[in-house]
Amino acid sequence: MKTARQYAIQSRKNSEALRLASMTANMRRNKAYRYAAERARGDPDGRVLAQFIERFQAYRSGWRQNPKTAIEEKLHHEAFRRRGFPPLCVDLELAAICDLACPFCFRQWIATPDKLMRKELALRILEQCAQLGVASIKLNWRGEPLMHPNLPEIIDRAKQLGILETIINTNAVTLTEDKSRALIDAGLDMIIYSFDGGTKQTYEQMRVGRFKENRFEPVYENIRRFATIRSEMGAVFPITKIQMILTQETFGEQESFFRLFSDCVDDVSVKAYTERGGSLPDLDESLRRQLQQVIQEKRLAEDAAYWRDMHGTLYLASGRLACEQPYQRMMVTYDGRVSMCCYDWGSEYPIGYVDEEAFRDGDAAYQAAMDKAQQQAKGFELLGNIRMPRRYLEPPKRVETLEQIWHGEIVNGVRQQHVEGRIDDVPICRRCPFKETYQWVAIDEPRTI
């Protein structure tokens, strides 16, 4: 049976409804609202509050509706500009460095600099986001945000500027008590933990320490302690969510994963495995044989895209769909290179620059990572298979604003190719593993976990 667009992150709860209800019901506690009410010298009639709630509802509605409208109406270039759709989220890579070396991560295969974004650049980008009407800021991309020393200060500045939602993804390895309190005080709205495994053995196999040994117990305790601290502080935010990637090892541990966190995290979810270079098995031998049989019967390519959802339903791709991301968001690397998709790990198809560092220094930091991997320097012992990012194109070497880039020629060219069904004409999109860009056909019935 052919399905509509499928989403790779699945939960036993309605994650979107939870997020919307929690944020709107508790908008008075949103630090951006509190700053706004303070500037207005109070909000006795609730008008400011109503505006904030309405803005958040529009943002969450637009997350799916804006791309749907743009794709259905084939919007790009001037037609897209006239609709007035802003980027709904901007991901700022405060830290490109990470303290783990997970076997399923792009970091194992594409050179990634151990760099931090300059505070000045982060604050400058936040100003542009506020002017552009960006509703949500995620303060990480390829690295671990807790490694940036100014993270709480940057969150607080985003809230001063009226950014509705601030988010981080974290491995929680260094989520100390002090950092936990600082994040809550700063006004962080959502924290998404990445924690792979429902058992100690699987977690430590999947979440390998890069500079020192990483163990299950301290990280698990960090996450539980955060919930306790949030409660002690009388805080509602940040909303907490935890995600596990479904590989062959973790698929059968979903029940234990849910049990580990259901009493200390607001939303427990799992995410389909996407191939990033590690070739990790995500199907057992029986399912693998079944998949190959169907591929042969349908005379499909041996490497035809597939995925298995949290319930065990197996799907085969029957075609491609225009990607939502170029209509939703932008990613900014530590040095100011702007990308259109979170799966473009090496920023191999950049759409512009917001800082001259990105084109002034070129690939020097990437080459430094390559050199250290070849020398097996400390922290690079597990990165011996990395390669330099491919450079499919180079934007004009000039600094532009986020607004100029959002409406620029490069990303609009991609939008046009996607809505016209020419996705494979975009080199970075040709073999993209992002599940949401495929049309799926179910080939078996759900199985009991």
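Predicted model: local features only at pLDDT ≥ 70, side-chain atom pairs only at ≥ 80, totals over all residues.

Modeller: Residues are numbered from 1 along each chain as its sequence is written, and side-chain values use heavy atoms, with hydrogens and water left out.

The ten strands of the open sheet follow the order E1-E7-E6-E5-E4-E3-E2-E10-E11-E12, and their pairing is mixed. The edges are held by strand E1 (9–11) and strand E12 (352–353), which have a single partner strand each, so one side of each has no neighbour in the sheet. Strands (E, at least two residues) and helices (H or I, at least four) are DSSP runs numbered from the N terminus, and two strands pair if DSSP finds at least two bridges between them.

Strand E10 (residues 329–332) runs parallel to strand E2 (residues 89–92), and four bridges join the two. Across this pair, Arg329 is the bridge partner of Cys89, and Met330 is that of Val90. Towards strand E11 (residues 337–339), E10 runs antiparallel, with two bridges; here Met331 stands opposite Ser339. E10 and E11 form a hairpin with four residues between them, and Gly336 in the turn has a positive phi of about 100°.

In a regular strand, side chains alternate between the two faces of the sheet. E10 is covered on both faces: Arg329 and Met331 on one side, and Met330 and Val332 on the other, are all buried. Buried here means under 20% relative accessible area, exposed means over 50%, and partly exposed lies in between, with a 1.4 Å probe and protein chains only.

Strand E3 (residues 136–138) contains Ile137, which counts as buried because its relative accessibility is 0%. Leaving aside residues up to four places away in sequence, Ile137 touches Val90, Leu92, Leu126, Cys129, Ile163, Glu165, Thr166 and Ile167; contact means heavy atoms within 4.5 Å.

To return to E2 and E10, the four bridges between them belong to a parallel pair. Helix H9 packs on the sheet and touches strand E5 (190–194) and E6, its direction making about 165° with that of E6. Helix H11 (residues 254–261) also packs on the sheet, touching E6 and strand E7 (267–272), and its direction makes about 150° with that of E7. Axes are lines fitted to C-alpha atoms, for helices over the stretch in contact, and angles run from 0 to 180 degrees between N-to-C directions.

H9 (residues 216–232) also packs with helix H7 (residues 177–186), at an angle of about 50° and with the axes 10 Å apart. H7 is therefore oblique to H9; angles under 35 degrees count as roughly parallel, over 145 as roughly antiparallel, 65 to 115 as roughly perpendicular, and the rest as oblique. In this contact, Glu177, Ser180, Arg181 and Ile184 of H7 meet Arg225, Phe226, Ile229, Arg230 and Glu232 of H9. By class, the contact has three nonpolar, one polar and five charged residues.

Between H9 and strand E6 (239–246) lies the loop that holds Pro238. The peptide bond from Phe237 to Pro238 is cis, with omega near 5°.

Notes
Nonpolar A, V, L, I, M, F, W, Y, C, P; charged D, E, K, R; others polar.
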